[in-house]
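Reader: Can we go through this one together? I'd like to start with the strands.

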Amino acid sequence: MLRCPATFAAIKDQAYANMHAPATAVATTMRTTEELQRIASQVRRDIVRQVHGVQSGHPGGSLGCADFFTALYFHVLRHDPANWGMDGSGQDLFFLSNGHISPVWYSVLARSGYFPVSELATFRKINGRLQGHPTTHEGLPGVRMASGSLGQGLSVAIGAALAKKLNGDDRLVYTLHGDGELQEGQIWEAAMFAAGKRVDNLISTIDVNGRQIDGDVEDVLPLGDLKAKWSAFGWDVLETDGNDMATLLGSLSEAKARAGKGKPVMILMRTEMGQGVDFMMNSHAWHGIAPNDEQLAKALAQLEETLGDY
Ligand SMILES: Cc1ncc(C[n+]2csc(CCOP(=O)(O)OP(=O)(O)O)c2C)c(N)n1
Ligand SMILES: [Mg+2]
């Protein structure tokens, strides 16, 4: 992390980080729905620009989850980007299990002050900290678990949530998973464990976009009635619209209110893969391919630049 900015760009980044760093050790930054929608527009620009920059990465799921990540990092999480630490004691934690949607995560981490916004230009570059799938050994602030191999994040988060209980830490643990990821057996083992051991300081979310790498989830391997399944596994289940900021904020707040009542909480979040860029929506086609120059221009024309491009 740049503590002594040496260039103008770094000074700008540091100033931005300071501006958005909570004034106290752990603070929740409250923003209006409209402000969050504007941030989400910039996050979407960051996503398509990162992926275009190296001609690889996963724009579809990232765009679909941009509203969720914006709500989480700019409104919900009680976190302290300026004083990042691996153990995160006294702070809410987030684990991304579907690590391929790293562009959206890197954008909100940078924009909320974990590392310089200019570092987004190093996405997927050799020797950089922003690897295609997040890792921990590069020491990127905000990342506590390597992900990309689907199915593992819930188990890790349960461990962290149990550690919080043992330490008398009343903060919460959040996770995100893909719907295709639910085809991994480890998810259901973890689901059973969390409910059986009353891990009620855990709020998980599924990106229910109905798509996965090779097609529609319904065609590859149907998931059935997800609400009934998670309820049967002992979770307290909510359903929401992940691309409507006001609805999403209400659901995240409701999920938080339901935490601590004996059951882990699950948010089934409907999203549209590629949300915000018309030609990337309505199919799985943009799960993991990069826009060319012309497509980038077309995408950016649909996304207002609100915070300034990196
Ligand atoms: C264990 C494992 N198996 C397969 C893959 C390859 N893979 C990467 S993304 C993906 C699709 C996952 O679908 P979903 O979770 O719905 O993500 P979305 O396409 O909606 O972004 C697959 C199969 C992987 N990363 N890890
Ligand atoms: Mg999916």
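Reader: How many bridges join β2 to strand β3?
Author: Six, and the two strands run parallel. β3 covers residues 202-208. Strands here are DSSP runs of E, at least two residues, and helices are runs of H or I, at least four, numbered from the N terminus. Strands pair if DSSP finds at least two bridges between them. Tyr 174 stands opposite Ile 203 in β3.

Reader: How does the chain cross from β2 to β3?
Author: Through helix α7, residues 185-196, in a right-handed β-α-β crossover. Right-handed means that, with the strands pointing away from the viewer, the path from the first strand over the helix to the second runs clockwise.

Reader: What about numbering and confidence?
Author: Residues are numbered from 1 along each chain as its sequence is written, and chains are lettered from A and ligands numbered from 1 in the order written. This is a predicted model: local features need pLDDT of at least 70, side-chain atom pairs count only at pLDDT 80 or more, and totals for chains, interfaces and linings use all residues.

Reader: Is β2 buried or exposed?
Author: Six of its six residues, 173-178, are buried. Buried means 20 or more other C-beta atoms within 10 Å of the residue's own, with C-beta atoms placed from the backbone; exposed means 12 or fewer, partly exposed in between. Val 173, Thr 175 and His 177 are on one side, with Tyr 174, Leu 176 and Gly 178 on the other.

Reader: And which residue of β2 is the bridge partner of Leu 93?
Author: Val 173. β1, residues 93-96, pairs with β2 in the parallel sense over four bridges.
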